[in-house]
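Please read these notes with the model open beside them. They take up helix contacts, a pocket and a loop residue in turn.

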Amino acid sequence: MDLQTRKIEFIQEFLKLQSEEAITRLEKLLKKERKTAVHKDFRPMTKKELNQRIDQSESDFNNNRFKRTSELLSKYK
């Protein structure tokens, strides 16, 4: 059975559910699965990428391309 067919059958069974508890459990499972999927896409930076980011940050600071913490905080008050 292909994935599309399985999804359709699952949805049909889901629509037949009358138990709020079962629906709540399935909602939690779906949220957990989505969160896990996001973490699977995470890729740590390489040393080269990290060093490039550091170099860019230092350059920005030296060329006054930054905001002070007080400026940022005042924006959200």
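1. Lys16 and Glu13 both belong to helix α1, three residues apart, or about one turn of the helix. Helices here are DSSP runs (H or I, at least four residues), numbered from the N terminus. The two side chains form a salt bridge of 3.4 Å, N to O; the term stands for a side-chain nitrogen of Lys or Arg within 4 Å of a carboxyl oxygen of Asp or Glu. Lys16 is exposed at 56% relative accessibility, whereas Glu13 is partly exposed at 48%. Buried means under 20% relative accessible area, exposed over 50%, and partly exposed in between (1.4 Å probe, protein chains only).

2. This is a predicted model, in which local features need pLDDT of at least 70 and side-chain atom pairs count only at pLDDT 80 or more, while totals for chains, interfaces and linings use all residues. Residues are numbered from 1 along each chain as its sequence is written, and side-chain values use heavy atoms, with hydrogens and water left out.

3. The whole structure has four salt bridges. One of them joins the side chains of Arg25 and Glu21 at 2.9 Å, N to O. These residues are four apart in helix α2, so about one helical turn separates them. An α-helix has 3.6 residues a turn, so residues three or four places apart point the same way. Arg25 is exposed at 52%, and Glu21 is exposed at 56%. Asp60 also pairs with Arg65 in a salt bridge, with the closest N and O atoms 2.8 Å apart.

4. Helix α2 has 21 residues and spans 30 Å from its first C-alpha to its last, close to the 30 Å expected at 1.5 Å a residue. The expected span is 1.5 Å times one less than the number of residues. The helix is hardly covered, with one buried residue among its 21.

5. Which residues line the largest pocket? They are Phe10, Phe14, Leu26, Glu27, Leu29, Leu30, Glu33 and Arg34. The elements giving two or more residues to this lining are α1 (3-16) and α2 (20-40). Helix α2 provides the largest share, six residues. Glu33, in helix α2, is partly exposed at 45%.

6. Asn64 lies in the loop between α3 and α4 (69-75). Its phi is near 55°, a positive value in a residue other than glycine. Most residues other than glycine have a negative phi. Asn64 is exposed, with a relative accessible area of 61%.

How values were computed:
On a 1 Å grid over the protein atoms alone, a cavity is a set of points where a 1.4 Å probe fits but cannot get out, and a pocket is an open set with protein on both sides within 12 Å along at least five of seven lines; lining residues have an atom within 4 Å of a point.
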